[in-house]
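Me: Hi! I am new to reading protein structures. Could we go through one together, question by question?

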2 protein chains.
Amino acid sequence: MRKPQPFPYRYAYPHPAVTTDVILFTIKDAQLQILLIRRAQPPMQGSWALPGGFLNIDESLEDCANRELQEETGISGVHLEQLYTFGRPDRDPRERVISVAHYGLAPSDKLSPTPASDAQDVNWHPINDLPELAFDHADIVNLAHRRLVKKLDDASTAFQLIHPEFTLSELQAVFEIILNKRLDKRNFRRRMLDMELLEETGKSFSNGNHRPAKIYRSKNPERVVILK
Amino acid sequence: MRKPQPFPYRYAYPHPAVTTDVILFTIKDAQLQILLIRRAQPPMQGSWALPGGFLNIDESLEDCANRELQEETGISGVHLEQLYTFGRPDRDPRERVISVAHYGLAPSDKLSPTPASDAQDVNWHPINDLPELAFDHADIVNLAHRRLVKKLDDASTAFQLIHPEFTLSELQAVFEIILNKRLDKRNFRRRMLDMELLEETGKSFSNGNHRPAKIYRSKNPERVVILK
DNA sequence: GCAAAAGTGTTCCAGATACACCCATGT
DNA sequence: ACATGGGTGTATCTGGAACACTTTTGC
């Protein structure tokens, strides 16, 4: 235990460690997947875990989450949102650790995760087929998944998981994968178009022995949804 | 700065302090109010602030919130839910402090806050007429208020702000105060009764020169809503 | 009998759902 | 010509919002 310090007004008892963890969702191979690292360091060396790590004493929580994601997976520039704070006293064997979990969405094709720092390996894993996870990370993923489903009823959420220009069928696939159910094509298209969030690019996309699809884009691609 | 320690796997860099803060809502004098303490200790001695304080190294976040509420205001037994974690690097002048905010609801008539511990005074304050608050507590209150409004569309939230047996008019008043708008009596009553969350007690309540009101109670009073 | 809050039904609108066929293209 | 996914319209249901009068009581 630390001794009380003479620093004015400073709390004199032991401080827990604070970390951030990141759940990064993507859609890949028609499945909802998350990014995991294989831990290169003890404890739980060799286990799969969420990217994340200790807070620097002068950085914000969100900066920490972004930095750890970048350091461990090479991925940066994703908009992360705070999810929940996990603090069970026994959740980490090292010492008392409070973890502020963040989540984000990204289209997988633009991202090339590369292991670095504390990670000996990095990979996407289907949310429905996850390996055993270190610490309480399975709980964290669970909560993040439920939040994502809720968040999807703001349609612009789905745009973050898709390339900037897309067909309505591709967009519908994103919804169907996350909601894990089939949607009616006509109703889906009407709903999307009625929201006035989409515009036609004029281009179309021809894929096989069938009619080409119109390509759309989001009208306000920079829209950041604040939904604390 | 602390020196790296020899403890196995322990993070060797300075740890922030972790606190919890509590926003406790009630309805009193036909207004939505929150519980504030006047700080007895520096920093910000004499300012109004949310009850809260430092996390003990082996207690859960929720236990900490409950303990601090109890220590500073004498109030216990309220169900608290995590709100959000605030961690701006400069939000506390003492040192780096991460605060995990919690909120809860309680009927004011059963509670008698009494100052203790770090508080030299405790009082309810109308949300629409708050004093200047210490630290970033105004932001925290703001977010809590918005969350409460959202949470209200699960009607059972309102039951937490009212005595166990109540008339529909009293319940409607709770909604009107939180939503800050008038509701239609017929629509409100139909909506409440259609949900099948209420049952008649058989009793009625006579109040003045008019027809007495039926008294209802919640069908499942112990229902704890988990809405992370 | 009058003042005051309790109690009660119907209409309307918007958004969600269910449902089946023609269109444009590649082979 | 046929196989394949793209594209379209209508009927129905459901939940929310608007709206005014009768009932029961105390004085």
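Here is a walk through it in short questions and answers.

Reply: Happy to! This is a predicted model, where local features need pLDDT of at least 70, side-chain atom pairs count only at pLDDT 80 or more, and totals for chains, interfaces and linings use all residues. Residues are numbered from 1 along each chain as its sequence is written, chains are lettered from A and ligands numbered from 1 in the order in which they are written, and side-chain values use heavy atoms, with hydrogens and water left out.

Me: How many helices and strands are there in chain A?

Reply: Helices (H or I, at least four residues) and strands (E, at least two) are DSSP runs, numbered from the N terminus. The C-alpha atoms of chain A fill a box of roughly 75 × 35 × 25 Å along the principal axes. Chain A has five helices and 10 strands.

Me: What percentage of the residues of chain A count as buried?

Reply: Buried means under 20% relative accessible area, exposed over 50%, and partly exposed in between (1.4 Å probe, protein chains only). Chain A has 228 residues, and the share that counts as buried is 50%.

Me: What area do chain A and chain B bury between them?

Reply: Buried area is the accessible area (1.4 Å probe) that two parts lose on being put together, summed over both. The contact (heavy atoms within 4.5 Å) takes 37 residues from chain A and 36 residues from chain B. Of the area buried by the two chains, 63% is on carbon and sulfur atoms, and the total is about 3500 Å².

Me: How many salt bridges are counted between chain A and chain B?

Reply: A salt bridge is a side-chain nitrogen of Lys or Arg within 4 Å of a carboxyl oxygen of Asp or Glu. The structure holds 28 salt bridges over all chains. Between chain A and chain B, however, the count is zero.

Me: Which strands does the salt bridge of R217(A) and E199(A) tie together?

Reply: The side chains of R217(A) and E199(A) meet at 2.9 Å, N to O. The two residues are 18 apart in sequence, so the pair ties together separate parts of chain A: β10 (residues 213-218), which holds R217(A), and β9 (residues 198-205), which holds E199(A).

Me: And which salt bridge partner does K214(A) have?

Reply: The side chains in this salt bridge meet at 3.4 Å, N to O, and join K214(A) to E200(A). K214(A) lies in β10 and E200(A) in β9, so this pair ties together parts 14 residues apart in sequence. K214(A) is partly exposed at 46%.

Me: How many residues apart are R217(B) and E165(B)?

Reply: Their side chains meet in a salt bridge at 3.7 Å, N to O. The pair links distant parts of the chain, with R217(B) in strand β10 and E165(B) in strand β8 (residues 165-166) of chain B, and the separation is 52 residues.

Me: Is D136(B) buried or exposed?

Reply: D136(B) sits in the loop between β7 (119-126) and α2 (137-151) of chain B. Leaving aside neighbours within four places in sequence, D136(B) is in contact with F86(B), R88(B) and R91(B). Its relative accessibility is 7%, so D136(B) counts as buried.

Me: Why does H125(B) count as buried?

Reply: H125(B) is in strand β7 of chain B. Beyond its neighbours within four places in sequence, its contacts include L32(B), W48(B) and P131(B). H125(B) counts as buried because its relative accessibility is 12%.

Me: How many residues apart in sequence are K28(B) and I215(B)?

Reply: K28(B) belongs to strand β1 (residues 17-28) of chain B, and not counting residues up to four places away in sequence, K28(B) touches Q33(B), S108(B) and W124(B). From C-alpha to C-alpha, K28(B) and I215(B) are 20 Å apart in space, and their separation in sequence is 187 residues.

Me: Which residue does a cis peptide bond join to P42(A)?

Reply: Most peptide bonds are trans. In this cis bond, omega is about -5°.

Me: What is the phi of N180(A)?

Reply: Most residues other than glycine have a negative phi. N180(A) lies in the loop between α4 (168-179) and α5 (185-194) of chain A, and counts as exposed at 65% relative accessibility. Although N180(A) is not a glycine, its phi is positive, at about 60°.
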